[in-house]
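Please look through the structure below.

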Amino acid sequence: MDVEEFARRHRGLHGERTPFAADLLEFFGRFSRAIFQSREASRYPELTALAYWMRPAELERLRAEFHAAVPADTVVMPRGTVFHIPPGNVDTIFVYSLVLAALMGNTNIIRLSDRPSPQTDILVDLLGRQIDAGGGSFEGLVSVVRYGHDAQINAALTALCDCRVIWGGDNTVRTIRATPLPPHALELVFPDRYSLAAIDAGAYLALAEADRPAIAADFFNDAFWFDQMACSSPRLVVWCGGENDVAAASSLFWFGLERELEHRAYIAQPAVSVRRLGFSCEVAADQALSAHVHGRYFTRLVVPSLDGFSREHCGGGLFFEAAVESLEHLVPFITRRDQTISYFGFARRQLENLAGMLMARGVERIVPIGQALKFGRFWDGHDMLMSFGRYIHIITPPARKR
């Protein structure tokens, strides 16, 4: 089917529903169960995590949050057609984006890269089966298209949309933005981001030895599921505390991570390991480091200060490491590019104080270690769920006094 025929067909579809319609909740609940029951999907923990996020109880929680957020004088309707352009390095993100937009009643067009991905293929196959099982009742809910870089196709699909969602790097955002939106349409963009972990050294040392492996397992999930290429995966580890506590906690932490990687029989792709080695050597040649530790599973580059720190990164198990006296000393370092701080050992009051000091500098998420990749309706400072709605404000005249 060529793009013009696709556009004509899409204009003839009327897949919009009211937000959180019962059949939408049932559809994605079945999709979740299909992923859980798939033998192929069970080989990929990120697909299991997606199915868990999409389980009926979570969908019902989202429905309750939606109704609680709608003012009494407002009716929320779908925007219409949402054009999703997900990244090529996180195979599940297109489903998260789709679920939030579809639950708000929108029809959806998803552009997938033509790069092979077994996880993406599994999800598209299972999604197609759920649509087919609906006997035509879900026609127009979602159309999946795959193509390479093609400005003409981008323009044709953009012309159909009432909302465009761009996931990817800065270059992707600039390229897609060269195609103007319809004047009424909304755009959500998720460009290059950087994330870090902050750990209170004293709190880590106070952990019982038996409790430390859980932190290593959580950190593994944050950093290694997508070879550290997810925007929310930590690439810098910042220790907070005195010099002696930091040295002791750091040694225990990295030793525990090595043990976790051994336990999981983690094997990096050769190309990833070579890229990590080459990148770390370039950094060591260009800037002063307190330590350069190249291990079997990951590389640590310890920087003496965060002043002038570069956020360039190769992924694949490369961790910069730094130390500050306390959490508030991170504030001058934070920029608009920074997205997620995953943390351990800080009280909520400390985290709220940090958020208050950051103002407009950056950081949209502060989450416990182990939840860096946990997707939610709030992402990069957007309430994605509510952004996919169109708000009709209804004002009635006040009652007349008799």
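Contact here means heavy atoms within 4.5 Å. Helices are DSSP runs of H or I with at least four residues, numbered from the N terminus. This is a predicted model, in which local features need pLDDT of at least 70 and side-chain atom pairs count only at pLDDT 80 or more, while totals for chains, interfaces and linings use all residues. Residues are numbered from 1 along each chain as its sequence is written, and side-chain values use heavy atoms, with hydrogens and water left out.

Two packed helices are described by the angle between their axes and the distance between the axes. Helix H10 (residues 212–224) packs against helix H11 (residues 243–263) at an angle of about 70°, and their axes are 9 Å apart. H10 is therefore roughly perpendicular to H11, a term that covers angles of 65 to 115 degrees. The axes are lines fitted to C-alpha atoms over the stretch in contact, and angles run from 0 to 180 degrees between N-to-C directions.

On the H10 side, the residues in contact include Arg212, Phe219, Phe220 and Phe224; among their partners in H11 are Leu252, Trp254, Gly256 and Glu260.

Is Ser280 buried or exposed? Ser280, in helix H12 (residues 270–286), has a relative accessible area of 0% and is buried (under 20%; exposed means over 50%, with a 1.4 Å probe and protein chains only). Leaving out residues up to four places away in sequence, Ser280 touches His292, His294, Thr299, Leu301 and Leu318.

Gln37, in helix H2 (residues 22–37), is exposed, with a relative accessible area of 66%.

How values were computed: Helix = DSSP H or I, 4+ residues; strand = E, 2+ residues; numbered from the N terminus. Parallel < 35°, antiparallel > 145°, perpendicular 65-115°, else oblique.
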